[in-house]
Amino acid sequence: MNYERLFKKQSLLERDIDKAMNILRRGLPTEKAMRSVSGYWKEGEKEVVIRFARARITNNRKKKIDNRLYFYPEDLRVATNSCVAEYRAKRMGRGVIADLCCGIGIQTIALGRVADRVMGIDKDERKIVFAGKNAERSGVKNILFSVGDAEEAGKLKADAYFCDPSRPISSSKRTLKEITPNIKYMVSLFRDIAIELPPQINRNMLNELPPHELEYISLNRKLNRLTAYFGRLRKSEVSAVTLPKNRVVRGRSRGIRKIYPPENFLLEIDPALSAAGLIHEIGLKDAKPCFFHKTWFFTSSKIRMDDECGGWLRAYRIVGVIKTGEESVRALIENVKDALHDSYKRVILRGDIEEGYYAIKRRIEELLAGEGTAHLFFVRQRMLIIAETLMP
Ligand SMILES: C[S@@+](CC[C@H](N)C(=O)[O-])C[C@H]1O[C@@H](n2cnc3c(N)ncnc32)[C@H](O)[C@@H]1O
């Protein structure tokens, strides 16, 4: 594909992406979108316009990156969220930074806004073309992009290095072996490097790497990224960052010895803090650790309104608990009806819902005639905790 030809007619390209987006958004067939674009485009180019349009439609919904940029749906899936990229660029700081697996350049552009000079490398030529165009559209001029293999970039001189490697989209067991370029080799080549890892990775697998800091980042209260910082980039053993609030906690990981059953209030702990093993850094009087449906909470019999603890906690008041033998979620719904009918209009289901999240949600909501939202925590299908949020 000759992307040069495509980008040369940028205003025509933009107009046609918009046209295709309008058609595809209405659920109309791809062929109709293809017919809507200019006759200037050759066969393969029309398909590219459609792919840009599809990717931008998804991004409009997810608000992951700047929608004026050029990316395919598969690029969007692995791209760094702009908010995360911005935070990390500030952490990487000034000087000369090399982004060794830059993809379409989201992290690289953010680095360029903070650093003095940035080098972006990727082995995929197409991504380097998009990254260059994206930097241009973002008005960032201090980045030099080139096609290359990160494992052969040992001679590249920079003050610090960043690497967001490729990994399989889904795999039950995260290992270092499935990541490319080879992480162990990369840390032997570059001392002051930050490397992205799958957030679910078992930490024992990282024992063979040189000393590093593990930084867990949550975005809108969902675990989003795990970055390992080596050399002078390391500041502590672990850290947790919650975005967009931009709060950081550092320390040493510690396990929780005792788990308590839920009392009147639940304080849901930000997943970055629990993944980092830094729950103990939140000093909260009378709050006891509590764990269910893969989530950590503090629980207590009373609560103060400042218990949000700097944005790391989300508070719920428990309004009811239904205990139910070994029944399925569907059977539980029948029990929920009486408890919720007059008080709530919407429900958010939490926990191991066996199937059909939206069907179950709809069925429950059809039975409700009140106002407000109830959170239903299904605890191993034997207990249902009904709660409402106190603080966002
Ligand atoms: C997860 S993506 C990076 C996404 C990027 N941070 C962004 O926001 O667009 C991983 C990238 O690593 C590149 N890659 C994998 N192995 C590489 C290697 N040995 N050398 C250079 N790039 C490599 C892939 O082509 C891919 O673009």
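The shell around the ligand divides into 10 nonpolar, five polar and seven charged residues, where Ala, Val, Leu, Ile, Met, Phe, Trp, Tyr, Cys and Pro count as nonpolar, Asp, Glu, Lys and Arg as charged, and the others, Gly among them, as polar. This is a predicted model, in which local features need pLDDT of at least 70, side-chain atom pairs count only at pLDDT 80 or more, and totals for chains, interfaces and linings use all residues. Residues are numbered from 1 along each chain as its sequence is written.

Student: Which helix and which strand each supply at least two residues of the shell around the ligand?
Tutor: Helices (H or I, at least four residues) and strands (E, at least two) are DSSP runs, numbered from the N terminus. By that naming, the two contributors are helix H7 (106-114) and strand S2 (117-122).

Student: Is Gln 107 buried or exposed?
Tutor: Gln 107 is found in helix H7. A residue is buried if 20 or more other C-beta atoms, placed from the backbone, lie within 10 Å of its own, exposed if 12 or fewer, and partly exposed in between. Because Gln 107 has 30 other C-beta atoms within 10 Å, the residue is buried.

Student: Which are the edge strands of the open sheet of seven strands?
Tutor: The sheet has the order S11-S12-S10-S13-S16-S15-S14, with mixed pairing, and two strands pair if DSSP finds at least two bridges between them. An edge strand here pairs on one side only, and the two are strand S11 (288-292) and strand S14 (346-351).
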